[in-house]
Amino acid sequence: MISLEQARAIIAATRARGREMGLNPLTVVVLDAGGHLVAMEREDGSAYGRPDIAGGKAAGALAMGVSSRKLGDMAAERPQFLAALSAAWAGKLIPAAGGVLVKDAAGSLLGAVGVSGDLSDKDEEAAFAGIAAAGLAAG
């Protein structure tokens, strides 16, 4: 399981990377391996729906065991399947880059981080930086 301390470190470093990159205000969500919210921060100016989007990116990654970027690829290949999953999980699956699995050094799944606020590729880049800065591995 991901600890609150680890989640806070991921969030702080993700936000810092976002500022370095000049991104729009970000929302960062960290879920544990069971899909439970550990921590979430919404930067000043981050839009109303961003927590749901960031959470959906992280939850979708956890539920399917792949990054939300890969879910986006799957959606292009099998749109009905992803639409069915989204319906089954009450919309908690956002198939766009920015949802990344978090693992420890041994490769054990700890949880996932979801980032929303800018272009999805940039959200994902910030997430990777946050995970690395916390001494963890992106899965």
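This is a predicted model: local features need pLDDT of at least 70, side-chain atom pairs count only at pLDDT 80 or more; totals for chains, interfaces and linings use all residues.
Which residue takes a positive phi in the hairpin of β3 and β4?

**View 1. The hairpin of β3 and β4.** Gly 107 is the residue with a positive phi, near 90°. Five residues lie between the two strands of this hairpin. Strand β3 covers residues 99-103 and strand β4 residues 109-116, and the two pair in the antiparallel sense through five bridges. Within this pairing, Val 100 has Val 113 of β4 as its bridge partner.

**View 2. Strand β3 and its pairing with β5.** Of the five residues in β3, four are buried, so that the strand is mostly covered by the criterion of under 20% relative accessible area. Strand β5 (residues 137-138) also pairs with β3 in the antiparallel sense, here over two bridges. Opposite Val 102 stands Ala 138 of β5.

**View 3. Packing of helices α1 and α5.** Helix α1 (residues 4-21) packs with helix α5 (residues 120-133) at an angle of about 135°, and their axes are 7 Å apart. Because of this angle, α1 is oblique to α5. The crossing of α1 past α5 is right-handed.

**View 4. Residues in the contact of α1 with α5.** From α1, the residues that meet α5 are Ala 9, Ile 10, Ala 13, Thr 14, Arg 17, Gly 18 and Met 21. Their counterparts in α5 are Lys 122, Glu 125, Ala 126, Ala 127, Ala 129, Gly 130, Ile 131 and Ala 133. Classified by residue type, this contact comprises nine nonpolar, three polar and three charged residues.

Terms used
Residues are numbered from 1 along each chain as its sequence is written. Side-chain values use heavy atoms; hydrogens and water are left out. Buried means under 20% relative accessible area, exposed over 50%, partly exposed in between (1.4 Å probe, protein chains only). Two strands pair if DSSP finds at least two bridges between them. Axes are lines fitted to C-alpha atoms, for helices over the stretch in contact, and angles run from 0 to 180 degrees between N-to-C directions. Angles under 35 degrees count as roughly parallel, over 145 as roughly antiparallel, 65 to 115 as roughly perpendicular and the rest as oblique. A crossing is left-handed if the near helix is turned anticlockwise from the far one by less than a right angle, and right-handed if clockwise. Contact means heavy atoms within 4.5 Å. Ala, Val, Leu, Ile, Met, Phe, Trp, Tyr, Cys and Pro count as nonpolar, Asp, Glu, Lys and Arg as charged, and the others, Gly among them, as polar.
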